[in-house]
Amino acid sequence: MFDLTIATLGTIGLLVGIVAGIITIILEARRIRWPAWISGKKWWKAILVFVVVGAVATGLTISGYLMAQRTTMTEELGGVDLSGYCTSYGFKGTQGMGCQSQIDLGDACDKRFDRDGDTMKFTDPGDPNTGVCVTASGRNTEKGVDNLPEYCRDKYKQTHNVKALSSPPHKWICRTAVDPTLVCSWHYQSRNAVGRKDDVDEQWKCYEEKRL
């Protein structure tokens with residue numbers, strides 16, 4: 001429908017330009033006097049010339065757009081390899097359109113305090129936000145989950161906007177949302193690849209527009 005509307009406007013523009021051009025040529029070629037409502041008013045001639053040039057230019061522009069549209073085709077490349085993409089960045093799994101890994105809470109404590117053997121204990125077993133780091137000797141540090149966002153950013157430095165998310169009762173994950181188009185470009189090594197959800201099976205797939 002959109003292409004049909006543009007085609008109609010383009011045709012009208014060309015026709016107006018052609019008619020106006022013919023009228024101008026006839027009046028000038030036969031040296032016929034301009035009508036009284038035009039005679040002595042040069043700006044009418046200027047308007048007529050402007051209409052001719054504008055209409056022809058509009059028609060050619062729209063026609064060129066339609067030709068460009070008709071010389072491209074969309075090819076289905078295949079599925080979105082989210083698992084492979086996530087694995088390449090060190091994540092262990094996927095969830096929705098995103099990469100994620102469960103956090104080793106003991107390792108997070110070790111990294112924070114630059115030591116080995118720490119574990120994390122939850123003062124409220126049902127609340128993942130109450131975790132504190134505990135040394136190998138059993139001493140509580142009173143600090144723990146508040147540093148997990150920084151831990152995720154440091155562990156997945158090449159990943160944009162990675163976050164630490166809690167999952168009751170006492171599980172934490174590093175997660176980042178992923179643009180399916182980025183996955184398609186990575187998988188098929190094409191800047192023209194895009195990710196779209198299929199309207200029929202609602203699965204994400206990769207497509208590429210190619211010129212004929």
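1. Within strand S5, Val134 is the bridge partner of Thr119. In this predicted model, strand S4 (residues 119-122) and S5 run antiparallel and are joined by 4 bridges.

2. Along strand S5 (residues 131-134), Gly131 and Cys133 point one way, while Val132 and Val134 point the other way, and all of these residues are buried.

3. Helix H4 spans residues 105-113, and its buried residues are Leu105, Gly106, Ala108, Cys109 and Asp110. The buried residues of H4 pack against S4 and S5, and also against helix H5 (148-155) and strand S8 (171-177). As background to reading such a list, residues three or four places apart in an α-helix point the same way, because there are 3.6 residues a turn.

4. The two ends of H4 deserve a look as well. At its start, a side-chain oxygen of Asp104 comes to within 3.2 Å of the backbone nitrogen of Gly106, whereas the residue that follows H4 is Asp114, with a positive phi near 55°.

5. Strand S8, against which the buried residues of H4 pack, belongs to an open sheet of 4 strands, in the order S2-S3-S8-S7, with antiparallel pairing. Strand S2 (93-94) and strand S7 (163-167) are the edge strands of this sheet, each pairing on one side only.

6. Between S7 and S8, the antiparallel pairing extends over 5 bridges, and Lys163 stands opposite Arg175 of S8.

How values were computed:
Residues numbered from 1 in each chain as written. Predicted model: local features only at pLDDT ≥ 70, side-chain atom pairs only at ≥ 80, totals over all residues. Heavy atoms only, no water. Buried < 20%, exposed > 50% of the residue type's maximum accessible area, 1.4 Å probe, protein only. Pairing = 2+ DSSP bridges. Contact = heavy atoms within 4.5 Å. Polar contact = N/O pair within 3.5 Å; in protein donor to acceptor, adjacent residues only side chain to side chain.
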